[in-house]
Amino acid sequence: MVSCDDGGSGSEYSSCSPCEDCADCGPRSAAECRALFSPEIAPEVLGATAAAIARGATAEHVPWCAHWLAGLAQVGRLAMTVMMLDRATLGQLRAMFDALEGLAGWKDEGSPSLRATFGVA
């Protein structure tokens, strides 16, 4: 059985170029292609939350932060979002991880680490 593999709506995999007219997917509209390349998480939200965590996180917040970051790491297209972040947002993420690493109870032992997943390893 043939399956659609271009990462767009109705696809099962993402093994050919996005919005490429794979024989089994059919044509994609321009709107579908734009949606495929838009981030799942708005960079402004990611940066603002990272900045707030960097400024105010305490050891009591570590479990919530770890849970939030692990959840974000599961978001589809996060890698694409991270690749498109500007320096300011990456700086906010870096500051957040620096602040978290200074708190008791913070562990980032996954493979890859959360820091690496968010592009600031």
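**Reading a helical model**

Analyst: Leu-93 is found in helix H5. This is a predicted model, in which local features need pLDDT of at least 70 and side-chain atom pairs count only at pLDDT 80 or more, while totals for chains, interfaces and linings use all residues. Residues are numbered from 1 along each chain as its sequence is written, and side-chain values use heavy atoms, with hydrogens and water left out.

User: Is Leu-93 buried or exposed?

Analyst: Buried means under 20% relative accessible area, exposed over 50%, and partly exposed in between (1.4 Å probe, protein chains only). Leu-93 counts as buried because its relative accessibility is 0%.

User: Which residues does Leu-93 touch, not counting residues up to four places away in sequence?

Analyst: Contact means heavy atoms within 4.5 Å. On that basis Leu-93 touches Leu-46, Ala-50, Leu-85, Phe-118 and Val-120, with residues up to four places away in sequence not counted.

User: How many helices and strands does the protein have?

Analyst: Helices (H or I, at least four residues) and strands (E, at least two) are DSSP runs, numbered from the N terminus. The protein has 6 helices and 0 strands, giving the pattern α-α-α-α-α-α along the sequence. Of its 121 residues, 35% count as buried. Among contacts between residues at least 6 apart in sequence, 54% join residues at least 24 apart.

User: At what angle do the axes of H2 and H5 cross?

Analyst: The axes of H2 and H5 cross at roughly 30° and come within 8 Å; the two helices are therefore roughly parallel to each other. Their crossing is left-handed. From H2, the contact uses Pro-43, Leu-46, Gly-47, Ala-48, Ala-50, Ala-51, Ile-53 and Ala-54, which meet Thr-89, Gln-92, Leu-93, Ala-95, Met-96, Ala-99 and Leu-100 in H5. These residues divide into 12 nonpolar, 3 polar and no charged. In this classification Ala, Val, Leu, Ile, Met, Phe, Trp, Tyr, Cys and Pro count as nonpolar, Asp, Glu, Lys and Arg as charged, and the others, Gly among them, as polar.

User: How are H2 and H3 oriented to each other?

Analyst: The axes of helix H2 (residues 43-56) and helix H3 (residues 62-73) come within 12 Å and cross at roughly 160°. H2 and H3 are therefore roughly antiparallel, and their crossing is left-handed. Leu-46, Thr-49 and Ile-53 in H2 meet Trp-64, Cys-65, Trp-68 and Leu-72 in H3. The residues of this contact comprise 6 nonpolar, 1 polar and no charged.

User: What is the arrangement of H3 and H5?

Analyst: Their axes cross at roughly 140° and come within 11 Å. That makes H3 oblique to H5, and H3 passes H5 in a left-handed crossing. Cys-65, Trp-68 and Leu-69 of H3 make the contact with Met-96, Phe-97 and Leu-100 of H5. The residues here are 6 nonpolar, no polar and no charged.

User: Which side chain does a polar contact join to that of Arg-115?

Analyst: A polar contact is a pair of N or O atoms within 3.5 Å; within protein, one must be able to donate a hydrogen and the other to accept it, and residues adjacent in sequence count only if both atoms are side-chain atoms. A polar contact of 2.6 Å joins the side chains of Arg-115 and Asp-98. Arg-115 lies in helix H6 (residues 114-117) and counts as buried at 12% relative accessibility.

User: Is Lys-107 buried or exposed?

Analyst: Lys-107 is exposed, with a relative accessible area of 59%. Lys-107 is found in the loop between helix H5 (87-101) and H6.

Note on methods: Axes fitted to C-alpha atoms, helices over the stretch in contact; angles between N-to-C directions. Parallel < 35°, antiparallel > 145°, perpendicular 65-115°, else oblique. Left-handed = near helix turned anticlockwise from the far one by under 90°.
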